[in-house]
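I opened my notebook today to look up a few things in a protein structure. Here is what I wrote down, entry by entry.

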Amino acid sequence: MKFLKHIPFLVAMLILMASFSQCSTAQKLQGEAPAQFGDVYCQKWVAGVSGGGSGFNLFIPVMNESIKLDSVYFRGKISKLEFKTGELPTYIGRFENDFNQPKDIIISSDRNEEYDNKLSKKLVVIPFELKDDECVVSYIKGDKIVYYKISNIEQKRPVNYPMASPDKNIKLN
């Protein structure tokens, strides 16, 4: 019987907790593009040597250099953007994956022998719900970090490097 007296209180607490869980931690997306973008595309790559790595690059051509993009969220990952000048200035996000990565781990009672082991990568939770053909770029406007979603990203044919890991200074298409 004592339990029945507390039911209204418990129901009220559950409703209150549910309303707070509805609060979104997602960042606000801008409706207007910060710059005019060219055809945004991504391209997978695989090094031709064992342990040379693999991943994909995201290319964001810009028609003008009036804005400085900082980072990109794409396919559950985040990357700092590199800027490459040329005929069409382009920002490039580079994402590595686990395929074709070196897996040498030294296990020893002497911790000095384990010095070169790499730490496991930290799981990153991105604050956006994105489809495979969408990304969000961040840039600074005034003193705030602003976010803009780009959709309809084309997946181009993969690049297979026959002899070595890819050169970061590859010629853009």
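Entry 1: I began with the word "buried": it means under 20% relative accessible area, while exposed means over 50% and partly exposed lies in between (1.4 Å probe, protein chains only). I noted that this is a predicted model, in which local features need pLDDT of at least 70 and side-chain atom pairs count only at pLDDT 80 or more, while totals for chains, interfaces and linings use all residues. Residues are numbered from 1 along each chain as its sequence is written, and side-chain values use heavy atoms, with hydrogens and water left out.

Entry 2: I looked up Cys135 and found it buried, because its relative accessibility is 0%. Cys42 is also at 0%, so it counts as buried. For Cys42, the nearest cysteine sulfur is that of Cys135, 9.5 Å away.

**Entry 3: the overall plan.** I counted two helices and nine strands in the protein chain; helices (H or I, at least four residues) and strands (E, at least two) are DSSP runs, numbered from the N terminus. Of the 173 residues, 29% are buried.

**Entry 4: the cores.** I then looked for a nonpolar core, which is a set of buried Ala, Val, Leu, Ile, Met, Phe, Trp, Tyr and Cys residues joined through side-chain atoms within 4.5 Å. The largest one has 22 residues, and Leu58, Ile60, Leu69, Val137 and Ile150 have the most contacts inside it. Strands E3, E4, E6, E7 and E8 each give two or more residues to this core. Apart from it lies another core of five residues, including Tyr73 and Phe128.

**Entry 5: two residues and their contacts.** Contact means heavy atoms within 4.5 Å. Leaving aside neighbours within four places in sequence, Ile60 touches Phe37, Val40 and Leu69, among others. Ser71 sits in strand E4 and is buried, because its relative accessibility is 7%.

**Entry 6: polar contacts.** A polar contact is a pair of N or O atoms within 3.5 Å; within protein, one must be able to donate a hydrogen and the other to accept it, and residues adjacent in sequence count only if both atoms are side-chain atoms. The side chains of Ser71 and Asp70 make one at 2.9 Å. Which side chain does the side chain of Glu82 meet in a polar contact? That of Arg94, at 2.8 Å. Glu82 lies in strand E5 and is partly exposed, because its relative accessible area is 24%.

**Entry 7: aromatic rings.** Rings of Phe, Tyr and Trp (its six-membered ring) pair if their centres lie within 6.5 Å; planes under 30 degrees apart count as stacked, over 60 as edge-to-face and the rest as tilted. I found nine aromatic pairs. Tyr73 and Phe128 are edge-to-face, because their planes stand at 65°, with ring centres 5.1 Å apart. This pair joins strand E4 to the loop between E6 and E7, 55 residues apart. Tyr73 also forms a tilted pair with Tyr147, at 6.2 Å and 55°. Finally, ring pairs link Phe56, Phe74 and Phe95 into a cluster.

Notes: A disulfide is a pair of cysteine sulfur atoms within 2.5 Å.
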